[in-house]
Every structure is written in C-alpha cells, then in structure tokens.
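This briefing is intended for a reader new to the structure shown below. Please keep the sequence and the model at hand while reading.

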Protein chains: 2
Amino acid sequence: MTIKEVGEKYGISSDTLRYYERIGMIPPVERTESGIRNYTEKDLSWIELVLCMRNAGLPIEAIIEYVKLFKMGDKTFEARLNLLTEQREALIEQKKKIDIMLERLNYKIARYEIAVETGKLTWDAEDCKK
Amino acid sequence: MTIKEVGEKYGISSDTLRYYERIGMIPPVERTESGIRNYTEKDLSWIELVLCMRNAGLPIEAIIEYVKLFKMGDKTFEARLNLLTEQREALIEQKKKIDIMLERLNYKIARYEIAVETGKLTWDAEDCKK
DNA sequence: ATATACCTTGGAGTTAACTCTAAGTCAATA
DNA sequence: TATTGACTTAGAGTTAACTCCAAGGTATAT
C-alpha cells in the first residue's frame, strides 16, 4: 500500500505519515527497490494504534517510548506495562476534567436556554461563578 | 489580590495570567493608581472558569470568543448558547475517543500483566492489532 | 536612602505536533 | 520520449499555548 493510499484510508496526510516514521512513532516501513514506502498490514496496525492514541490526546513522546521498548524485545514487558498503566491513569484523569467541565457546561447551557426564551439571564454572579 | 497570589492560588504563573488577559481570555483586570493589577472576586471567577475550560482541553480561541460575546451584552445570549453547545459536543466527542483508547489500554495491560508473570506475551498480531 | 522583592510592558524564545518547500527520482500515459 | 503525477529526503515554516527577557517602576524593611 502506498503512502497516499494509507493517508486516504486514515484521513491523515502523507507528510504526517512520514513525520510519524521519522520520529520513531511507528517502526520503519519497508521500501520497494526504488525506495518507495510499501505499507504492510503490520504497518497499518501500528498506524491504527498510533492514531487511536493521538485521538485520545496521549503525547507523541509516550508513543515513541512504547515503540522503542517494543523494538528492544521481550525483556521490556514490565517497562511497557508501566508505560501503558501510566497512560491509562492520565486518560482517566483527563476524563475527570472533561466531566467537571461538562457539568459546568450543562448548567450554563440550561441558563442560556432560558435566557434566549425570556431575554433575561437569571442572575449568577455575573455569569462567571459555578 | 496581586498577580502572584492569584498565580499561587491556582497553580499558574504570573506570566500565564498576564498572557490570558492580553489575548482577551479574561476581561481586563482593574489596576491600582500605580498600575498594578488588583484581582477582584469577579476576576477570580473568570480565571476559575478559564482554567476549567483549559483543563478540559477546550481551545483558547473558543474561550476568547465567549468573553467577547459576554462583553457585548444581552443581545448575544443565543450566540453564547450556540458556542457553549458546540463546545459541549466537542467534549462529548473527546470523551468517546478516550473511552476507545481506554478499552484498548485495558486489553493491552491485561496481556502485559500475564506477560510479566509468564515471560511470554500471548500472541496478538505482533502486539499491534486490536 | 538603599536594598530587595515585587510589579509593569513589549517583544522575543520555546515546545509539540505538524505542514510545507526545494530539489530531485521514478512510473505510467499520450 | 516527453510530460504528468506521485514518490523521495532534508530542512524550513507554522500554530497554539505558553514562557522568558530586558528595561524600568513600586513598595517595604532596615
């Protein structure tokens, strides 16, 4: 699979794909004799994982570290476990922060729905508090 | 309240506080005759809201827009409602992405816990799939 | 009154994560 | 065979969100 096809499949640019490979976020991709990238299923699996991690907001640094450990083989199981556990903690924390803001948004949106109806915003410490 | 005290209260730097004000993420803060910022309760409410939004990962752009609409007064209720509703949608989407990655992490972590015990990673398309 | 620790502004520097450019190679089509 | 379009690399440019710096003003303790 060419870089363009892969980019189209996942909705990312060829530049981004080359960038991810260059910085070690995915293992090096095999080339044809003329030096052109030929993505295998295995490469696609890595890209999928990486995109999932990026979508969740995990830092590129962590992903690079994981790929590094993976390349080092079986003796890095524990290090990989620790890395993944840390990232899981970070995501759980992030979810909590989103929930706090969602609650606040729900409250504000409810008030504005009434305000749009009535033309008056129910008083609430100048719209800032809570 | 001085800029330093506010920074300490919320765990952000004075530089960041000045930056937030400069780009319009919070309304201008009143000054003493000598030109020094004197944060009021109202200012603190704005800072709290802004930090909550930033923690949740909402873009500074949206926050600036909200402050702008707020300054324009009562005729922007609907615009503010729309903005907040959009941001709520974005957060719900982000939460979904985090949940997808959390599921994946739970699966991988379970496999690595066994791997650390047994010294062998149960086969799974070279650790990339799923 | 002078040292110290704080404050001010405008503007430059940094970091993460891309995104683009230049200069050149390769493959398929008119 | 000439052109078109996709590919290659190395490196420069961009954007968001800070973060730092220089040059100077302010407030309080000795």
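Ala115(A) touches Lys120(A), Leu121(A) and Phe77(B), where touching means heavy atoms within 4.5 Å and residues up to four places away in sequence are not counted. This is a predicted model, in which local features need pLDDT of at least 70 and side-chain atom pairs count only at pLDDT 80 or more, while totals for chains, interfaces and linings use all residues. Residues are numbered from 1 along each chain as its sequence is written, chains are lettered from A and ligands numbered from 1 in the order in which they are written, and side-chain values use heavy atoms, with hydrogens and water left out.

**Helix α5 in both chains**

- Ala115(A) belongs to helix α5 of chain A, residues 77-118; helices (H or I, at least four residues) and strands (E, at least two) are DSSP runs, numbered from the N terminus.
- The relative accessibility of Ala115(A) is 0%, so this residue counts as buried; buried means under 20% relative accessible area, exposed over 50%, and partly exposed in between, with a 1.4 Å probe and protein chains only.
- Between the C-alpha atoms of Ala115(A) and Glu41(A) there are 54 Å, and the two residues are 74 residues apart along the chain.
- In chain B, Arg80(B) is placed in helix α5, residues 77-118, and is buried at 2% relative accessibility.
- A polar contact of 2.6 Å joins the side chains of Arg80(B) and Tyr112(A); such a contact is a pair of N or O atoms within 3.5 Å, and within protein one must be able to donate a hydrogen and the other to accept it, with residues adjacent in sequence counting only if both atoms are side-chain atoms.

**Nonpolar core**

- The largest nonpolar core has 76 residues, of which Ile47(A), Met101(A), Ile47(B) and Met101(B) touch the most other members; a nonpolar core is a set of buried Ala, Val, Leu, Ile, Met, Phe, Trp, Tyr and Cys residues joined through side-chain atoms within 4.5 Å.
- Leaving out residues up to four places away in sequence, Ile47(A) touches Val6(A), Tyr10(A), Leu17(A), Ile26(A) and Tyr39(A).

**Helix α2 in both chains**

- Which residues of helix α2 (residues 14-22) of chain B are buried? They are Leu17(B), Tyr20(B) and Glu21(B).
- These three residues lie on the same side of α2(B), because they cover an arc of only 95 degrees around the axis, taken from the directions from the helix axis to the C-beta atoms.
- An α-helix has 3.6 residues a turn, so residues three or four places apart point the same way.
- The buried residues of α2(B) pack against α1 (3-10), α3 (41-55) and α4 (60-72) of chain B, whereas Asp15(B) and Arg22(B), on the other side of the helix, are exposed.
- In chain A, Glu21(A) is part of helix α2 and is buried, with a relative accessible area of 11%.
- Beyond its neighbours within four places in sequence, Glu21(A) has contacts that include Ile26(A), Pro27(A), Arg31(A) and Tyr39(A).

**DNA strand C**

- DNA strand C is surrounded by 18 residues, the closest being Tyr20(A), Arg54(A), Lys4(B), Arg31(B) and Arg37(B); a residue is near a strand if one of its heavy atoms lies within 4 Å of it.
- Of the atoms of DNA strand C that come within 4 Å of the protein, 71% belong to sugar and phosphate.
- An N or O atom in the side chain of Asp15(A) is 3.3 Å from a base nitrogen of DNA strand C.
- Phosphate oxygens of DNA strand C are 2.9 Å from an N or O atom in the side chain of Tyr20(A) and 2.8 Å from a polar backbone atom of Arg37(B).
- With 5 residues, α2(A) gives the most to the surface near DNA strand C.

**DNA strand D**

- Around DNA strand D there are 18 residues, with Lys4(A), Arg37(A), Tyr20(B), Ser34(B) and Arg54(B) the closest.
- Sugar and phosphate make up 70% of the atoms of DNA strand D that come within 4 Å of the protein.
- A phosphate oxygen of DNA strand D lies 3.1 Å from an N or O atom in the side chain of Arg18(A).
- The side chain of Ser34(B) has an N or O atom 2.9 Å from a phosphate oxygen of DNA strand D.
- The largest share of the surface near DNA strand D comes from α2(B), which gives 5 residues.
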